[in-house]
Amino acid sequence: MSQNIHDHKILILDFGSQYTQLIARRVREAGVYCEIHHYDFPESAFQEFQPRGVILSGSPESAHLEDSPRVPDYILSADLPVLGICYGMQTIAEQLGGKVEGSNKSEFGYASIAIPTGSPLLSDLEDSVQEGNIFNHDVWMSHGDKVTAVPGGFDVIASSDSAPIAAMACEEKKIYGLQFHPEVTHTKSGQQILNRFVHELCGCGRLWTPANIIDNAISTIQEKVGSDQVLLGLSGGVDSSVVAALLHRAIGDQLTCVFVDNGLLRLHEGDQVMETFSRNMGVRVIRVDAEDVFLGKLAGVEDPESKRKIIGNTFIEVFDEEATKLGDVKWLAQGTIYPDVIESAGSKHGTAHVIKSHHNVGGLPEDMNMGLVEPLRELFKDEVRNIGIELGLPHEMIYRHPFPGPGLGVRVLGEVKKEYCDILRQADAIFIDELHNADWYQKVSQAFVVFLPVKSVGVVGDARRYSYVLAVRAVETIDFMTARWAHLPYELLEVISNRIINEIRDVSRVTYDISSKPPATIEWE
């Protein structure tokens with residue numbers, strides 16, 4: 001690798017949009033590294049970061065109000081390309097002398113914009129329909145306010161029926177504003193627009209590729225770890241599997257994986273993990289039977305956050321104990337990825353709301369005598385999968401559905417008991433088996449069963465059955481930041497329900513979860 005993959009980078013300033021992470025994903029797909037930071041990013045940090053361009057996100061705020069969030073002045077005078085999206089465009093207009101007003105006609109959904117020729121950002125997009133000197137293009141709008149007057153030096157480069165100023169540009173300063181959202185897939189050429197911005201206007205190369213990321217990770221690991229021993233908590237999921245492969249390639253026998261069989265795993269998962277890694281990949285794996293320890297500490301605990309913290313802390317205790325047994329282990333490796341950090345409010349500014357904590361985010365206990373290695377911390381889930389494929393890991397391993405760090409501990413609602421976990425394991429295995437049989441497993445992004453601590457009356461044969469209720473959940477998503485419930489065929493749901501109730505005597509009823517994210521989260525706890 002001749003050039004550092006972080007040399008060409010984009011700064012994304014977050015004003016609170018639900019789409020901010022999508023912007024980052026699209027920039028990464030363009031082969032350019034980017035980071036999300038709060039809109040009041042300090043100038044000193046900006047100088048240290050040295051981006052080649054800045055993207056301003058949308059926001060639920062109104063730019064024409066006095067106390068609304070503002071772009072730092074140094075950004076707009078930094079002689080760098082700037083792209084404002086939705087609210088980002090509106091605050092640029094307000095701050096530079098234009099005008100934003102509340103609209104009596106909001107735009108939510110598809111809209112057609114008219115684009116005059118001559119704009120390096122928008123002209124002659126794929127899927128556009130040209131009529132004379134005008135290109136008509138379908139985009140995705142989501143706004144109530146609109147720019148009614150552009151600042152001096154700006155030109156209107158797109159318009160729609162409800163927003164006569166749908167995009168604006170100051171070509172001299174390379175400052176652009178889009179009222180629509182290029183980051184969502186509904187905007188037909190959204191990726192092309194972002195590609196033009198980061199490559200043609202910001203001058204970024206395509207350095208952020210799986211091969212380059214792997215080379216960078218390996219060199220970083222080798223430099224950080226040296227000849228020290230590293231301990232990895234191996235779950236068998238995608239993230240920890242990719243970390244294991246990366247570390248094994250980087251440091252070989254210096255890596256020891258600890259697989260904690262905590263009693264919160266899926267059916268036969270422990271045996272599968274040992275078979276895959278220790279026998280097929282040549283990675284040194286120690287299996288620890290800690291079911292009694294975990295279930296003992298979870299006894300009587302019902303609060304989801306408390307359960308997550310207990311499980312996370314117990315993992316750390318087990319790792320620490322195994323490290324002590326192994327001797328001179330200096331580093332603990334984890335499969336932390338970027339969405340974990342975002343959802344746990346792990347940004348340096350700490351301004352995000354905590355949705356749910358992740359057991360592998362937030363550092364290590366002060367009394368733990370190991371450093372931390374997190375080679376995936378900058379990556380989104382689909383980037384992790386691409387890295388895994390590049391490393392040569394089996395397709396069925398890489399494209400296995402995600403499994404939460406706390407395991408069944410957050411899929412058993414309320415108190416976690418072995419009885420409940422055993423029921424859930426059997427039901428989940430049936431569900432996944434039928435998804436495979438119906439060729440639906442790869443069509444959904446995540447699928448699982450949830451144990452509900454309630455009982456319902458049922459009839460089996462001529463007998464009354466008063467047993468537990470389970471919820472089946474399947475979602476479709478690209479980045480796991482937003483998700484839609486999967487529209488499984490009724491016939492498939494019927495087969496799944498019948499098998500679960502017929503084969504598990506402790507279940508009397510099966511329900512299907514039709515909640516999307518937001519407002520729900522993917523996991524129930």
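Q: How many bridges join β17 to strand β18 (residues 484-485), and in which sense do the two run?
A: Happy to start here: this is a predicted model, in which local features need pLDDT of at least 70, side-chain atom pairs count only at pLDDT 80 or more, and totals for chains, interfaces and linings use all residues. Residues are numbered from 1 along each chain as its sequence is written, and side-chain values use heavy atoms, leaving out hydrogens and water. Strands are DSSP runs (E, at least two residues), numbered from the N terminus, and two of them pair if DSSP finds at least two bridges between them. For β17 and β18 the sense is antiparallel, and the number of bridges is 2.

Q: Which residue in β19 is the bridge partner of Leu470?
A: β17 also pairs with strand β19 (residues 507-512), this time in the parallel sense over 5 bridges. Within β19, the partner of Leu470 is Val510.

Q: Why is strand β17 (residues 463-476) described as largely enclosed by the rest of the structure?
A: A residue counts as buried under 20% relative accessible area, exposed over 50%, and partly exposed in between (1.4 Å probe, protein chains only). Strand β17 is largely enclosed because, of its 14 residues, the number buried is 10.

Q: Which are the edge strands of the open sheet?
A: The sheet has 7 strands in the order β2-β1-β3-β4-β10-β9-β8, with mixed pairing. An edge strand here pairs on one side only, and the two are β2 (33-38) and β8 (155-158).

Technical notes. Helices (H or I, at least four residues) and strands (E, at least two) are DSSP runs, numbered from the N terminus.
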